[in-house]
Amino acid sequence: MVDSTLAQVGKNLSQAMRILEDGQRKLEAGTERRRFSRTSIPGPLQGDGQDVATVLHLVHNLIHEGEEEEDKPSQQMQNVGEQGHMALLGHSLAAYISVLDRERLRKLTTRILSDTTLWLCRLFRYENGSAYFHEDDRDGLVKVCRLVINARYEEYASEGYAVLSSKQPVIYQSASGRPGLGQHLCSQLGLPLSSLCTVPCNTVFGSQHQMDVALLDKLIKEDKEAGKLPLLLIANAGTPGAGHTDKLGRLKDLCDQYSMWLHLEGVNLATLALGQATSAIMAANRSDSMTLTPGQWLGLPAVSAVTLYRHEDPALSLAAGLTSSQPVAKLRALPLWLSLQYLGHNGIVQKIKHATVLSQQLLQKLKTLASIKTSDVLETEISLAEALVMVEDELSSPVVLFKFSQEMSAASSGGSVEGYCAGEKEVLDTFNRWLGEQLLQLVPASGMDVVELEDEGTCVRFSPLLTAAVLGTQQGDVEDLVEKLSELVPVMSSTMCLRQDFREETHRHSPSLIYVEELSWPGLGAVRYEPQAEGIDESRRKQELEKINTELLKKLQELDTDIIFSTGPEFGTQENCIFVGMVTEDVDVSELVNTIATLGRDIEESGRLLENMTEVVRKGILEAELQLQKANEEKLMEEGVMRQLPLVGSVLNWFSPVQSSIKGRTFNLAAGSLDSTEVTYSTKAQTGRPSLQDTPTSSSKRLPGQRLFQRSGGAGFDSFSETSSIGQAEESAGEGSTTLSSSFRPPTPPPAPEENSQPASDVIQEKVPESSVQVNAQVEAEVETEEERQPEGQEVEQSER
């Protein structure tokens, strides 16, 4: 017979998961999200209360709050699977079991704790061990250190920290260990940081991430001679960054020699559950304690970490906090107890084995890709035994570390690279950071991440034991990952090869183009167009610089090309720059830089032309005002004062009409002059002007489907060769031929007018052909604004009615 309360707990959990996992609510979800939005809820607690379904809907909407406002796609919750549901059920059952009577609670918790401890010890080959379950994965090590202190200092229980002054304890950790772990340990134990000793890793033999055993031996001897007590050693069975394993067998022998405690942690401990584990990992079962994280390895949400340890004195374990007399504390093992039973031994082994198979599959594929480095390059010879151990560790580790690597100095197509190799490492780090982000975006199920290592720099890491169970990574995802990687690597290689060419081409266009050294940009490079105007102050120059580069970026983004132009990194230090993204090997860098320089020069000259036209229009308006004033005076003298009066003038005009001799005027924007309207009204038609649609445009000689800046090997694309330039395009324009570069360059605008120079009409007619209508359309708006300022009764154009 099933307990009704227990059945209700499972029912409520199923209902809660069904609501929370539904990330695609239909029409009513939008209404509820607005109803329970954070801006409308923070009031007092409602008096009547709400049912379970309403509260769960509230939690769902709070989880997905802000997705609509930020215009982001709805992100579904983690697919925990059925074994994850068992872990969540364990948390609910733990709360229910805690209300049982004390005797039942004691028996039940003892059974749960003993079963889970036995299963874990047998699963991970750690015989005769005890288990401590904790939420913080560092808490187990803290409790173990307290156990060791109680064991090594007999008077610690009565004297406390005073006994530590006689012999200062020393805790040793690897330089490749988890960052901040030693500091956290000293903080929790109340030890000074001088009690923490960081052991460097190998620099000559073996992996760059393995602890140097010989140097550790030397440090221990020095500490003993100084009157200190070597207490505990923290070793890695899978470093946090590279996933490498220390020489556990030799470290255990060294700890036995100096009566030290050996504690292990790392993701590679999961492989102890496999039928065939490597000799390097098998040595872990000799350690005094180890911390396991089965929740991450098996995809179990909110499952506590476990520290397995061996010690014969239960009193010291109780004093250190590794065991508890409170039955409720033992319920931490309940979620894991349920999940292990649900999965079974075969299911647990299968999940761990699946992760290792994924790692081996990716590692074998990566070795076939060019420009991808998967292991350290050894500069010295090593023994055959060391080499075999390294190969064995590399093939068995569930962590795959790789990076894009290419010598830029050797890859450049030409030119000097002096002064550029200094930032080569930083550029490679930037490219690898971009590679990791792209792979994670293209194949989200891969769980790729980016790590920063001291010697190797930025690397891309694939650790399926930490992500595969959660994301559901399969072998097909690894195939997709390799496929995307094979597409990205050639683009990165070509971009790396052309970076130096882009820099040199930019220097050839100096001072109009300035190359910006931005090592944190994953792309071809960055440039800035500098205006060549003289005689302006600094603030005006900065405004002009920002205006031109903003317009230049807009025009480049409108081009028919696969190259991405942007404003650069979000938190970059450079402003008013144009950042060029990744390019393929067929990109003509010379043509690209020429186009950027040409477009920038055209934008600058168009701005000067507009300023000149504005000045011409302003002078023309002033002249028109003077002529209008003079025409009004002549009209007054000709018609007399009486005709200007409203009522009297109408009567006089009716009896004696006056034929005015004053002629109308029209203002010619193209010429910047005032003309008579006599010709206009005699022909009953105003002088026509070419429309924007009639403006001739140049055509391109690109074949269908060919992008800008791409080289072509065909004979019909001579104009796209690397030697083509803007100057050649201008020379061929007079013969009727049109090239790609000339299509971006409008006619050359006129220079700024000066005093005592030729009339404005001649300047406009000689320097601005029909295409100047585009500028006229802009200055007409200014003329209309000036006309609105005219006194009442005055107009730019007057005619005889």
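When I speak of residues touching in this talk, I mean that they have heavy atoms within 4.5 Å of each other. Please keep in mind as well that what we are looking at is a predicted model.

Let me begin with Ser 446, which sits in the loop between α17 (424–442) and β10 (449–453). Which residues does Ser 446 touch, if we do not count those up to four places away in sequence? They are Leu 439, Phe 462, Thr 467, Leu 471, Thr 473 and Leu 481. Ser 446 has a relative accessibility of 2%, and because buried means under 20%, this serine counts as buried.

Among the residues on that list, Thr 467 takes us into helix α18, which spans residues 464–471 and in which Thr 467 is itself buried, together with Pro 464, Leu 465, Ala 468 and Ala 469. The cover over the buried residues of this helix includes α12 (294–298), α14 (334–366) and β11 (457–462). After α18 comes Gly 472, with a positive phi near 70°.

Ser 259, with a phi of about 55°, belongs to the loop between α10 (248–257) and β5 (261–265). Ser 371, with a phi of about 65°, is placed in the loop between α14 and β8 (372–373), and its relative accessible area of 26% makes it partly exposed.

Staying with loops for a moment, the one between β5 and α11 (279–282) holds Thr 271. Is Thr 271 buried or exposed? With a relative accessible area of 6%, Thr 271 is buried, and a polar atom of its side chain lies 2.6 Å from the backbone oxygen of Asn 268. By way of contrast, Leu 100, in the loop between α4 (81–97) and α5 (102–123), is partly exposed at a relative accessible area of 27%. Leaving aside neighbours within four places in sequence, Leu 100 is in contact with Leu 105 and Leu 108.

I turn now to the sheet, and to the loop that leads up to it. Between α19 (475–508) and β12 (513–516) there is a loop that contains Pro 511, and the peptide bond joining Ser 510 to Pro 511 is cis, with an omega of about 10°.

Strand β12 then belongs to an open sheet of four strands, in the order β12-β13-β15-β14, with antiparallel pairing. Which strands stand at the edges of this sheet? They are β12 and β14 (565–566), and because each has a single partner strand, one side of each is left without a neighbour in the sheet. In general, the strands of a sheet pair through backbone hydrogen bonds, in either a parallel or an antiparallel manner. Here, β12 and strand β13 (residues 525–529) run antiparallel and are joined by four bridges, and Tyr 515 stands opposite Val 527 in β13.

Helix α19 lies across β12, β13 and β15 (578–580), and runs at about 145° to β12. Helix α20, residues 538–557, lies across β13, β14 and β15, and runs at about 130° to β13.

How values were computed. Residues numbered from 1 in each chain as written. Predicted model: local features only at pLDDT ≥ 70, side-chain atom pairs only at ≥ 80, totals over all residues. Heavy atoms only, no water. Helix = DSSP H or I, 4+ residues; strand = E, 2+ residues; numbered from the N terminus. Buried < 20%, exposed > 50% of the residue type's maximum accessible area, 1.4 Å probe, protein only. Pairing = 2+ DSSP bridges. Axes fitted to C-alpha atoms, helices over the stretch in contact; angles between N-to-C directions. Polar contact = N/O pair within 3.5 Å; in protein donor to acceptor, adjacent residues only side chain to side chain.
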